[in-house]
Amino acid sequence: MEQQLAHLDVAKRKIAIVGRLGVYPMVRLSLPARRLLAYLAVRGHPVQRGVASAELWPDVPDDIGRSNLRRALWHVPRGWVSATGDELALEAQCDLVQAHQVAARALGGEPLSLEEIELLSDDILPGWHEEWIVPAQDAFRLLRVQALEAACRTMASAGHHALATQAGAAAIAAEPLCESAAEALIDAHLAQRNRYQAMQCFRLLAERLDRELGVTPDPALAARVGIGGIEQRPH
């Protein structure tokens, strides 16, 4: 019975880290508690205390890091973090798990709803730049761009053009220099006979590639929108 009640409590607790940090039901959190909950949510699995303290406080001696971790745990509301032996685990549902599931479905060729596209339209905790989170942010951005591009192609092929263009636009917003994502969005526009939007998408890509890398888009993509050749802009 106690295990069932504990499971129900976990189901009621939710933490969001895609787009921003949020906890539900809403509770007041100190900065150390926010960092610890975000850290465990990003990790997605139990973490040893020594590893957590070293990654959260990398510039202090080990004993001070462990002391900081104990202080952070003291600030976390009861029930949100469990300790089993030397391991800490988040006792809440996290939207990053759902985002990975949605991305996997898109990569598997399934269409997405508008709500699912919106879920993949944000980074993990944008504005956070600590060492422990940057690799996870980079990996999730790559995953969501690939998933949104795949969803754009899937839904354009199925005739779901409005959702296809939403997914394609979200992919480009996340990675403006991604030519394959631009190609998917251009194809979705052309499938709707929206040549103006397709041309605008191409021109923005060409400007960005020229400005950032000094290169032009793939000639095959230029031919798609009816451009026979591309001239480099003078530098």
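Contact here means heavy atoms within 4.5 Å. Buried means under 20% relative accessible area, exposed over 50%, and partly exposed in between, with a 1.4 Å probe and protein chains only. Helices (H or I, at least four residues) and strands (E, at least two) are DSSP runs, numbered from the N terminus.

The model is predicted: local features need pLDDT of at least 70, side-chain atom pairs count only at pLDDT 80 or more, and totals for chains, interfaces and linings use all residues. Residues are numbered from 1 along each chain as its sequence is written, and side-chain values use heavy atoms, with hydrogens and water left out.

Select residues 179–191, which form helix 9. Colour Ala-181, Ala-182, Ala-184, Leu-185, Ile-186, Ala-188 and His-189, which are buried. Their cover includes helix 7, helix 8 (161–174), helix 10 (195–213) and helix 11 (219–224).

Next, select Arg-193, in the loop between helix 9 and helix 10. Its phi is positive, near 65 degrees, in a residue other than glycine. Arg-193 is exposed, with a relative accessible area of 70%.

**Helix 5 against helix 7**

Display helix 5 (residues 95–107) with helix 7; they pack at an angle of about 40 degrees, their axes 8 Å apart. Axes are lines fitted to C-alpha atoms, for helices over the stretch in contact, and angles run from 0 to 180 degrees between N-to-C directions. Helix 5 is therefore oblique to helix 7, since angles under 35 degrees count as roughly parallel, over 145 as roughly antiparallel, 65 to 115 as roughly perpendicular and the rest as oblique.

**The nonpolar core**

Select Ile-15, Ile-17, Leu-37 and Leu-120, which touch the most other members of the 73-residue largest nonpolar core. Such a core is a set of buried Ala, Val, Leu, Ile, Met, Phe, Trp, Tyr and Cys residues joined through side-chain atoms within 4.5 Å. Helix 7 (residues 134–157) gives the most to this core, with ten residues.

**Two loops**

Finally, select Leu-125, in the loop between helix 6 (114–119) and helix 7. This residue has a positive phi of about 40 degrees and is buried, with a relative accessible area of 1%. Then move to Pro-25, between strand 2 (22–24) and helix 2 (31–43); the peptide bond from Tyr-24 to Pro-25 is cis, with omega near 0 degrees.

Terms used. The expected span of a helix is 1.5 Å times one less than its number of residues.
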